[in-house]
Amino acid sequence: MANLKDIKNRIQSVESTKKITRAMKMVAAAKVKRAENAVKASRPYTAELNAMFSKLLNSVGNINDCKVNSKNAVDNYPCLLQTRPVKTAGILVITSNKGLAGAYNANVIRKTVKLIEDYASQGIKCKLFVVGQKGISVLHKRCKNLDCEIAGEYLSVANDPTPAGTNIITEDIAKYFVEEKIDRIEIVTTRFRNMMSYFTEDWVVLPVQKPEEDHHIDPLMEFEPNKESILQKIVPLYITNIIYQALLEAQASELASRMTAMSAATSNAEKMLNELSIQYNKTRQFAITQEIIEVVSGANAQG
């Protein structure tokens, strides 16, 4: 049986842990509401932009040349709209900078590794663009055994998704695609469902997927000043918005997962404290009883 000092030290340790997990739960709960509101506010815009872009591509038709030579790779829309045989795939992986978020990071990394292995079975190499320190640390080790390499690392946007941070990621990915270092780019992220659940997904970003034929009659589209000018604005906006939406979804999912994990950890700490308190009282009672028996036994021996 453990002595009183050991049990008391364990109680103090669990109480300290409980304070930390409770504080982390409260911080995550405060942040997740803002993240949820940001996700819900951006989804209608994203849906409308995707619908408009689909109609725009149907009206424009096929673009087979790559004549634009812009300083920014993301502005070279003809190259971004082209489809070519996939020799190297790019994967944007979105994880968090911190742990203690349940299985959030493990789920994203597991799906990423599965995707890399699927590509490897087809003879396709992978280049990774990783958001978040947790993903960077794990995938650096995993890439030694997989046919892939990390081409870009991004930390700040994991904690604070912003349009400026998203533009950096978009430009890097577009540059690799335009220079034909990658022939396809996907995002492995999480889709926020509610405070209690999320699920991992992979989204195809490049080449831009042309919608299936729509047999409904749409109004005739006219382009002012011309379709090239419209595409040069809308294609970068479309790609950047997909990545930004993925970052928002991931942040909300991460915070929800952390809140749930810390809530469970706090409950487990409370349960452990109750069990340790009972054990402490039993041990203390046993020690007192033992002392009384020894005193009585000594008195009887003298009498």
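**Notebook: strands, helices and loops**

I began with strand 1 and found seven of its seven residues buried, so strand 1 is largely enclosed by the rest of the structure. For "buried" I used under 20% relative accessible area, for "exposed" over 50%, and "partly exposed" in between, with a 1.4 Å probe and protein chains only. Strands (E, at least two residues) and helices (H or I, at least four) are DSSP runs, numbered from the N terminus.

Before going on I noted that this is a predicted model, in which local features need pLDDT of at least 70 and side-chain atom pairs count only at pLDDT 80 or more, while totals for chains, interfaces and linings use all residues. Residues are numbered from 1 along each chain as its sequence is written, and side-chain values use heavy atoms, with hydrogens and water left out.

I looked up which way the side chains of strand 1 point. T88, G90, L92 and I94 point one way, A89, I91 and V93 point the other way, and all are buried.

Next I looked up the pairing, where two strands pair if DSSP finds at least two bridges between them. Strand 1 (residues 88–94) runs parallel to strand 2, and seven bridges join them. In that pairing T88 stands opposite K125 of strand 2. Strand 1 also runs parallel to strand 4, joined by five bridges. There, A89 has R184 of strand 4 as its bridge partner.

**Entry: strand 2**

I noted two facing pairs here: F129 stands opposite G152 in strand 3, and V131 stands opposite Y154 in strand 3.

Five strands form an open sheet in the order 3-2-1-4-5, with mixed pairing. Strand 3 and strand 5 (197–206) are the edge strands, each pairing on one side only. On average, neighbouring strands of this sheet are turned by 25° against each other, direction ignored. For angles I used lines fitted to C-alpha atoms as axes, for helices over the stretch in contact; the angles run from 0 to 180 degrees between N-to-C directions.

Helix 4 packs on the sheet and touches strand 1, strand 2 and strand 3, and its direction makes about 165° with that of strand 3. Contact here means heavy atoms within 4.5 Å. Helix 6 (residues 163–178) also packs on the sheet, touching strand 1, strand 2, strand 3, strand 4 (184–194) and strand 5. The direction of helix 6 makes about 170° with that of strand 2.

**Entry: crossovers and the helix pair**

Strand 1, helix 3 (residues 104–121) and strand 2 make a right-handed β-α-β unit. Strand 2, helix 4 (residues 133–142) and strand 3 make another right-handed β-α-β unit. A crossover is right-handed if, with the strands pointing away from the viewer, the path from the first strand over the helix to the second runs clockwise.

At what angle do helix 3 and helix 4 pack? I found about 35°, with the axes 11 Å apart.

**Entry: cysteines**

I searched the whole structure for disulfides and found zero. A disulfide is a pair of cysteine sulfur atoms within 2.5 Å. C126 is in no disulfide, and its nearest cysteine sulfur, that of C148, is 6.6 Å away. C126 is buried at 2% relative accessible area, and C143 also counts as buried, at 12% relative accessibility.

**Entry: loop residues**

I looked up positive phi values in residues other than glycine. L100 has phi near 55°, and L100 lies in the loop between strand 1 and helix 3. With 55% relative accessibility, L100 counts as exposed. E180 has phi near 60° and is in the loop between helix 6 and strand 4. E180 counts as exposed, at 55% relative accessibility.

Last I looked up L155, in the loop between strand 3 and helix 5 (156–159). L155 is partly exposed, with a relative accessible area of 40%. L155 and Q133 are 22 residues apart in sequence and 6.3 Å apart in space, C-alpha to C-alpha. Leaving aside neighbours within four places in sequence, I found L155 in contact with N97, G132, Q133 and I136.
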